Amino acid sequence: MSDLYCKDLCMTFADPMSGSKVEALKDIQFNLKEGEILTVLGPSGCGKTTLLNMIAGFITPTSGTLSLGGVDIQAPGAERGMVFQQGALFEWLTVARNVDFGLRMKGMGEEESRELVNFWLDTVGLQGFGETPTYQLSGGMQQRVALARCLVNDPDLILMDEPLGALDALTREKMQSLILELWKKTGKTIIVITHSVEEALLLGERLFVMAPRPGRIHREYNLPFAEMGLKRSLREIKQEKKFSTIREEILTMIWDMEEEIMGGV
Amino acid sequence: MFDWISDNRASIALVIIIGLAVVFVFSIFVGVKQTGLRAKDEVFGDPERTKGGWYWALCGVSALLLVWFYYSWGAARAVFPTAANELCQVAKVEEAMSPISAALPVGSRYLKSTTLVVRNAAQVDKLAVSMPAEVFTLREQAKLTLAVAQIKDLLAVLSSPALSDPAAKSAFLAVEVSLRDVAKRLQADYRELQPQKEALQQPKWGTSEVEIPLLPVTGKGVLLDSVTQDVQEVAKAFLKVRNISPQAKQLIADTKEILKELKTPDPLMQLDEAGEGTRNAYVKAVDRIFKRIDDGTIFPAQAMDGVHFAVNEVFASLAVAKGGLSVVESLFFPGHGVVKSRTQCTEQGSGRWLPKPTDVIATFSTLANPDLESGGGYKGTTLLWWKWLPIADVVAFLMPDGLVDMLPGSYGTHGDSGEFKPNYKDRLLAFAQGDVNLGSVPMLDGHIWDSLFRVLVAMGFGILVGVPLGIYMGVSRFFKSFFDPLIELYRPVPPLAWAPLILTIFGIQDDGKIFLLFMVAFAIMVISARTGASGTQLSKIRASHSLGATNGQILRHVILPNAMPEILTGIRIAIGVCWGTLVAAEMLAGTTGIGFIENVARTVSDYELIWVTILIMGLLGLLFDLVMRWAIAKIIPWRGKG
């Protein structure tokens with residue numbers, strides 16, 4: 001069982017010049033079971049991305065325990081795939097070479113990886129685009145490539161840092177469906193960071209609302225909408241009474257936090 | 001074929017000029033029409049308005065070439081092939097007249113006599129007040145005062161019309177009459193006059209080392225040429241005239257006597273060495289002024305009035321004789337015209353330093369001719385050709401002798417009977433020194449190749465060393481901080497400032513220049529590779545870490561390609577800077593290369609060669625840039641699209 005286990009996680013950034021300290025995260029504590037999809041919401045500066053970077057292994061927490069499947073997270077690894085806001089694709093490679101990047105780095109030959117690459121390109125809806133240079137793709141398609149590149153590596157955990165933030169509303173909705181579809185199909189554990197309350201509600205089986213100063217988990221929800229989204233259209237779900245009630249509740253919560261920050265300055 | 005083209009370059013130029021004029025007019029016509037058509041489609045400032053416009057490009061190029069033809073006198077030569085020869089004859093007359101006109105206010109402000117009187121009087125006065133009395137006895141002082149007074153008297157006598165030499169007066173009259181005769185002769189009918197056979201066989205204008213043919217080839221020229229000989233006689237007579245009247249003769253003799261007595265110091269004075277020096281210098285100064293006027297070349301101001309009139313008459317007559325030639329000269333010979341000096345007629349002004357386009361091509365063809373024996377190439381090296389290169393030389397270049405020295409064992413010694421058997425070390429040394437026969441490969445050769453080779457080798461080393469270092473500097477705190485000061489200390493020094501030092505250390509052969517260029521290329525490559533590497537988006541690096549890439553793989557598969565645009569731009573810049581530095585370095589030292597040719601051409605004022613080298617350098621620079629632009633478009637089509 002590759003659960004994500006997170007206990008008493010603290011992150012303090014110290015300015016080496018002035019010596020001033022900022023508590024980015026304090027006492028974060030949660031467990032994520034395999035196959036769960038978690039969304040993280042919060043005002044800017046609440047440490048969402050810091051949390052994600054720690055799980056990815058890009059930064060080391062000041063204190064606390066962080067482990068995936070019983071193994072402590074020390075450094076970045078292929079078992080934790082990452083999808084960034086702006087594809088972070090390698091523009092000098094074609095779509096197929098981007099997707100098989102991880103496999104090639106592991107030493108797999110082009111012949112062996114071809115089938116896998118084609119499978120995942122089909123899955124994300126990019127069949128036939130293998131030889132296209134990535135810079136010729138639209139933003140939505142680039143994110144599909146990023147998803148395929150991550151999935152082809154078969155990670156235990158997928159981390160998404162505002163993956164749909166730069167997309168237009170229509171593309172965004174399609175991509176949200178795609179993410180749910182992939183979640184269902186692969187059964188991967190997924191953490192999605194987002195700015196959009198609706199997106200957090202739609203994608204999250206679990207939802208953390210984080211608060212700033214110090215960054216902490218303010219409130220946790222368990223939501224039915226992700227399961228519903230697998231069967232019904234997302235637009236219908238948004239019409240649900242319960243959906244709009246929670247959305248308003250969270251919006252007010254975040255609004256108050258932002259007010260507090262602004263007032264504090 | 002080549003000779004025919006060379007001989008008929010003037011006519012060929014005419015065809016080209018007419019073609020250019022047609023293109024010029026045509027392109028303006030098309031341009032104006034197109035401007036009218038498009039004016040309504042685009043507002044002012046719209047970048048679309050700069051697109052296209054081949055007709056204006058044609059217009060610009062043809063205008064430039066026409067201006068070149070005009071100012072280089074190429075147009076003049078094409079339309080009036082004999083004009084320069086006639087102007088040369090005019091210049092001959094002017095040269096022959098010059099001794100006479102130099103004495104008169106013709107082309108200068110004052111009479112030569114006026115200048116002489118004023119200058120010498122001023123200098124004598126200055127000497128009179130600065131006499132160092134302490135080194136002369138009273139008697140000597142009196143003598144000196146007398147000498148100075150007599151010099152001033154002499155100036156007065158020479159300037160006085162009443163006291164001047166009557167013989168001079170009649171001599172000037174004779175000169176005046178001869179000059180009027182010359183003026184008349186210039187108006188003679190020249191239509192019947194035939195040039196000499198010899199004159200017609202001269203090489204044409206601009207086809208040989210002698211720019212303008214000297215002997216007259218037209219009737220007008222023959223007349224002017226023959227008048228020149230008369231003028232030379234008159235000028236000779238004029239220069240012989242002296243103004244030595246009896247009074248002047250007496251004064252000259254007296255002063256000479258006094259100055260002669262003063263030459264040896266009075267023994268009573270007992271001067272030390274320094275005192276004697278001062279004394280002799282002063283006497284010599286007075287003597288020098290005296291010697292300047294004792295030849296009687298100063299005349300009263302009115303003495304040469306008649307000659308002056310006659311000279312003006314000659315020049316007026318010359319202008320009439322020139323006739324249409326004056327118009328041609330002022331319209332088609334911009335610059336300072338044709339000047340005759342001692343043995344040849346030369347073009348002056350833009351006609352001199354701006355070679356005619358056709359002559360540039362002719363010079364280039366001579367230079368490009370690979371057959372050294374028939375006068376091709378330059379200083380024993382072709383411009384661009386090939387030769388057999390012994391492989392042993394390449395091996396010797398790449399393999400330092402010291403490598404063999406480091407091997408175990410020692411070199412062979414001579415045997416008891418004086419024989420020498422080389423051991424393995426001796427044989428290896430022969431390799432390292434190129435003393436073996438390994439066959440040959442065809443290799444490019446020539447001045448252009450030598451220059452190219454230096455740039456390419458230096459660039460190669462610069463890229464091989466600079467790019468890896470730059471990339472490491474872009475990703476590692478140690479590499480960045482350790483090497484940054486070293487590179488930033490030497491890089492800002494202009495490359496040419498290093499040249500004297502490096503050329504002294506390495507010698508004038510290729511190694512020094514290559515090392516100098518390597519320094520240039522290395523710094524640029526390090527900086528561009530570093531900028532490229534450190535500019536990699538963090539998300540790309542993180543993505544590759546998450547995809548399981550190792551550090552080495554990230555360096556090779558992410559950071560290097562990401563830095564490629566910067567690296568290629570760096571190469572493009574480095575080649576440009578290397579090219580500029582190389583030419584200057586070749587000018588400092590060396591025996592081959594484009595810069596070398598230009599430097600030698602400079603020392604002998606061979607303007608055509610200088611322009612040819614400038615054009616070659618420009619074209620090669622353009623070629624480098626085009627190749628790099630093409631390479632950039634081919635290798636990194638993704639540039640700027642990440």
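Predicted model: local features only at pLDDT ≥ 70, side-chain atom pairs only at ≥ 80, totals over all residues.
**Chain contact.** Chain A puts 22 residues into the contact, and chain B puts in 16 residues. On the chain A side, β6 (80-83) and α3 (101-105) each supply at least two residues. That side of chain A divides into 13 nonpolar, five polar and four charged residues.

**Domains of chain B.** Chain B is divided as follows.

| Domain of chain B | Residues |
|---|---|
| domain 1 | 2-71 |
| domain 2 | 79-357 |
| domain 3 | 399-444 |
| domain 4 | 447-635 |

The centres of domain 2 and domain 3 of chain B, taken over C-alpha atoms, are 73 Å apart.

**Helix pair in chain B.** Helix α25 (residues 551-588) and helix α27 (residues 607-635) of chain B have axes that come within 10 Å. They cross at roughly 170°. Because angles over 145 degrees count as roughly antiparallel, α25(B) is roughly antiparallel to α27(B). From α25(B), the contact residues include B:Leu568, B:Ile575 and B:Trp579. From α27(B), they include B:Met617, B:Phe624 and B:Ile632. The residues of this contact divide into 12 nonpolar, two polar and two charged.

**Sheet in chain A.** Six strands form an open sheet in the order β6-β7-β8-β3-β9-β10 (chain A), with mixed pairing. β6 and β10 (216-222) of chain A are the edge strands, each pairing on one side only. From one strand to the next, the twist averages 20°. Strand β9 (residues 206-211) of chain A runs antiparallel to β10(A), joined by six bridges. Here A:Val209 stands opposite A:Arg219. Helix α5 (residues 139-151) of chain A packs on the sheet and touches β6 and β7 (157-161) of chain A. The direction of α5 makes about 175° with that of β6(A).

Conventions. Residues numbered from 1 in each chain as written. Chains lettered and ligands numbered in written order. Contact = placed C-beta atoms within 7 Å. Helix = DSSP H or I, 4+ residues; strand = E, 2+ residues; numbered from the N terminus. Nonpolar A, V, L, I, M, F, W, Y, C, P; charged D, E, K, R; others polar. Domains from an automatic or database assignment. Axes fitted to C-alpha atoms, helices over the stretch in contact; angles between N-to-C directions. Parallel < 35°, antiparallel > 145°, perpendicular 65-115°, else oblique. Pairing = 2+ DSSP bridges.
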